[in-house]
Amino acid sequence: MKRTIKSYIQIALTGSIFFTGTSCSDFLEEPDRSNFTMENYFTKPEHAQSAVNSIYESLRAVLGGGFNGAPWMMLEFATGLANTELGQAQNSIFVRNLVNNSDNEYGAAYWTSSYRGIANANLAIAKIPGITMDEAAKKRYMGEARFLRALYYYNLVRIFGNIPLITEPVDLKSETLYPTQSNPEEVYKLIVSDLVEAENSGLPYTDATGRVTTGAIKSLLSSVYLTMAGYPLQKGAEYYQKAAEKANEVIQSNKYTLFPSYDDLHIPARKNTGENIFMVQYAAFVLPSNWQTSIIPYNQGISAYTDETGAIFANKEFVESYEAGDKRAEEKQFYYSSFSLRSDRSKTRSLGGYYLYKHFDLEAQLSTTSSGLNWPVMRYAEVLLTYAEAANEAGGPSPAVYDAVNLVRKRANLPALSGLTKEQLREAIWKERWHELSFENITWYDMTRLRKALNVTTGKFEDFVGHKFSYGPVLKERELLFPIPTAEIRNNSKLKQNPGY
């Protein structure tokens, strides 16, 4: 923690990627750092913009790929629904086999990058109010900063549990240089406060450039309320109602719609539009997304990329748990099991597994080897399923609940749900979440807030603790959280490791 906190101020002034305009080519530009000092910074309107831009940068730190895997995979292997062909990717294998420990570099990346983003947000929130500039623009920048701080804390509290809660800029003389841990209740209180304030900051409902929007704020708030209704806070019916109301505001805005085709989910030209509510931003040949080599099979010769790593793919049992006729499980919808050969595109090779097509940039894989595909953080499909689950929990089955979940099912060519009890509908909605939101870093969060896991053989949900993965390992209570990184425990004696690690 020390190494992260002591450079908080420096980080905010040296963020390497900035949004500076309305097009993809404009907002990925290198700033001039030559005149950045604490004495002359936070004095001009453009300083407010660049300070907020620096907060976005940490969103990319946990993504990526390569022969060592990438931190985002941690949340997928922890579900028991993913596999890897990379024997050297020990961080992935330890999580997948439920023998994880606090030395795992994936967890360290989430911790460090999130607190870096929080540090930049804290600095922006503290300093922007003092800048002489248009008040409406100032309010919007503050809204963006609060949303991003809330998002970083939302990830941290779900991954690590009791975490340091830092809301002010930190330097080497700060009392919070070695912070204590706060309980999840305190962290969620800040998250909600930030999002409620951001909601009233005058941001547009949508924004094709990828900046924070009112739609993104309301969508995240619905997710937060849904989590607060479940574990570990267990706030129940009141918060299910809050989640339903906030998700319904997004639905009733008519600003978002499901794409007609699943192909639209991984076409770079569709990013920040349609059902894409909030995404991590990339641009081909400028700042390309770098997970493409991870979602292709190991050395099968199908891609223009020379590094074919096979770092992550879906377990066969999970893909086969989709309902008969579910379009999402068909070839080259969410997954692919065959592909043409790089040496001869008229020939097709069976790959022997189910690889991730929903994150597959076809043009980059076939020719350019530079992907501009964004990473989805929140999609409209998730909002619909959040509304359906929360409204069902708060008031039972209703036409509106069925409408929401059935929109998702209709695109999958599945029959509409009807005539179910509250309990039956609950599990049907859960299953839609597992199948629709797979491999988007959402399923493990659902498992821990519900304390439930999908048995891919029976199709039934069972208790998280004691759930056996299809390949053998059994979840224990300790897997409800990840371990706090070893380096943070060593650097800060006030931090206590999570149980079981």
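**Salt bridges and burial**

Student: Which relative accessible area does Arg270 have?

Tutor: Arg270 counts as partly exposed, a class lying between buried (under 20% relative accessible area) and exposed (over 50%), computed with a 1.4 Å probe on protein chains only. This is a predicted model, in which local features need pLDDT of at least 70 and side-chain atom pairs count only at pLDDT 80 or more, while totals for chains, interfaces and linings use all residues. Residues are numbered from 1 along each chain as its sequence is written, and side-chain values use heavy atoms, with hydrogens and water left out. For Arg270, the relative accessible area is 33%.

Student: Which residue meets Arg270 in a salt bridge?

Tutor: A salt bridge here is a side-chain nitrogen of Lys or Arg within 4 Å of a carboxyl oxygen of Asp or Glu. The partner of Arg270, at 2.8 Å from N to O, is buried because its relative accessibility is 8%. That partner is Asp264.

Student: How many residues apart in sequence are the parts that Glu199 and Lys218 tie together?

Tutor: The side chains of Glu199 and Lys218 form a salt bridge at 2.7 Å, N to O. Glu199 lies in helix H9 (residues 184-199) and Lys218 in helix H10 (residues 214-229), so the parts joined by this pair are apart in sequence by 19 residues. Helices are DSSP runs of H or I, at least four residues, numbered from the N terminus.

Student: How many salt bridges does the structure hold?

Tutor: One of them joins Glu479 and Arg478, both of which are buried. The total for the structure is 33.

Technical notes:
Helices (H or I, at least four residues) and strands (E, at least two) are DSSP runs, numbered from the N terminus.
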